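Good morning. I will take a few minutes to walk through one model, going from single residues to the whole chain. Please have the picture in view.

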Amino acid sequence: MEETGALRARLNEWARKPEWSLLIDYELPQKPTARWCRRIRQRGEQMLRILRFDCSRYLNQPWQAGLKHVDHVPEARPLLMWGEGYEREFVREACEGAKRSLQAHPEFVPVLVTDVADFVFFSRLGWLVEYLPRLSREGDSYRDRKRRHLAWCYRHALAIPLSAGLGSRAEWDELLRSGGR
C-alpha cells in the first residue's frame, strides 16, 4: 500500500501540467467524415489545438486504453501497472500474477508501463504496453517527458505498481478497492 501511495502521488505530480507539444504529437487521429464541411471543421479544430486556442475540450477527453483485438467490457476502467526499473524475469512473473488476478476483475483494462523490451511476451498478454526506452544520458530528458505524458494520459486510471502482481489475491483486491490516485 505504501508503494502504491507513493506511485499515485508521483503520477499526480507528473500529470499536473502536460507538455502541450507531446499532446499534439501523440494526438490520436480522427476519422475524417464523408461531409466536406465537417472535414474542414475538423482541420480547423486541429489548427486551434496546435495554436493552443482550443485546449479545454481536448484536455478533458479520456485516453482510450483498450486494444481492438482484445475483448473487454465497454465501460472498463484502465488499470495502469507501472513497472519501471525491474529486470525481465521479475516483469514476466509479475505480469503473469497480475493476469491471473485480473481474471476476477473484468471491469479493468490493464495497461503496462515498462522499460523492459520483451514485446513477444507482452503481445501474448493482450495488454496495452507503454514502453519507456532506456536511452543514453541525453535520452533521460525524453524519458522524463514521456513519463509526464503517460501520467497525464492515464490520469483517470487506477494506478498500481507492477510488483502488486506478485502479491496475494487479498492484497490485489485491496489495491483495486483503494480507488483512484
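Predicted model: local features only at pLDDT ≥ 70, side-chain atom pairs only at ≥ 80, totals over all residues.

Does aspartate 118 count as buried or exposed? Aspartate 118 counts as buried, because its relative accessibility is 6% and the limit for buried is under 20%.

Aspartate 118 sits in the loop between β2, residues 108–114, and α6, residues 119–125. If we set aside neighbours within four places in sequence, aspartate 118 is in contact with Arg88 and Arg92. With arginine 88 there is a polar contact between the side chains, at 3.3 Å. Aspartate 118 and arginine 88 also form a salt bridge, with the closest N and O atoms 3.3 Å apart. This pair links distant parts of the chain: arginine 88 is in helix α5, aspartate 118 is in the loop between β2 and α6, and the two are 30 residues apart. Arginine 88 itself is partly exposed, because its relative accessible area is 38%.

Staying in helix α5, which covers residues 88–102, we come to phenylalanine 90. Phenylalanine 90 counts as partly exposed, because its relative accessibility is 24%. Apart from neighbours within four places in sequence, phenylalanine 90 is in contact with Ser163 and Leu166. What separates the C-alpha atoms of phenylalanine 90 and leucine 162? They are 9.3 Å apart, although the two residues lie 72 residues apart along the chain.

Next, the salt bridges. How many does the count come to? The count comes to 7 salt bridges. One of them joins glutamate 84 and arginine 143, with the closest N and O atoms 3.1 Å apart. Glutamate 84 is in the loop between β1 and α5, and arginine 143 is in helix α7, residues 140–153, so this pair ties together parts that are 59 residues apart in sequence. Both glutamate 84 and arginine 143 are buried. These two residues also belong to a network of salt bridges, which links Glu84, Asp115, Arg143, Asp144 and Arg147.

Glutamate 174 is partly exposed, because its relative accessible area is 36%. Arginine 177 counts as exposed, because its relative accessibility is 60%.

As background, an α-helix has 3.6 residues a turn, so residues three or four places apart point the same way.

How many disulfides does the count come to? The count comes to 0 disulfides. Cysteine 95 is buried, because its relative accessible area is 0%. Cysteine 153 counts as buried too, because its relative accessibility is 4%.

Last, the chain as a whole. The protein chain has 8 helices and 4 strands. Along the sequence, they follow the pattern α-α-α-α-β-α-β-α-β-α-β-α. Of the 181 residues in the protein chain, 41% are buried. Among contacts between residues at least 6 apart in sequence, 74% join residues at least 24 apart. The accessible surface of the protein chain comes to about 10,900 Å², and 53% of that belongs to carbon and sulfur atoms.

To close, back to where we began: aspartate 118 is buried, and its salt bridge is with arginine 88. Thank you.

Conventions:
Residues numbered from 1 in each chain as written. Heavy atoms only, no water. Buried < 20%, exposed > 50% of the residue type's maximum accessible area, 1.4 Å probe, protein only. Contact = heavy atoms within 4.5 Å. Polar contact = N/O pair within 3.5 Å; in protein donor to acceptor, adjacent residues only side chain to side chain. Salt bridge = Lys/Arg side-chain N within 4 Å of Asp/Glu carboxyl O. Areas by Shrake-Rupley, 256 points an atom, 1.4 Å probe, with all protein chains shown as cover. Disulfide = S-S within 2.5 Å.
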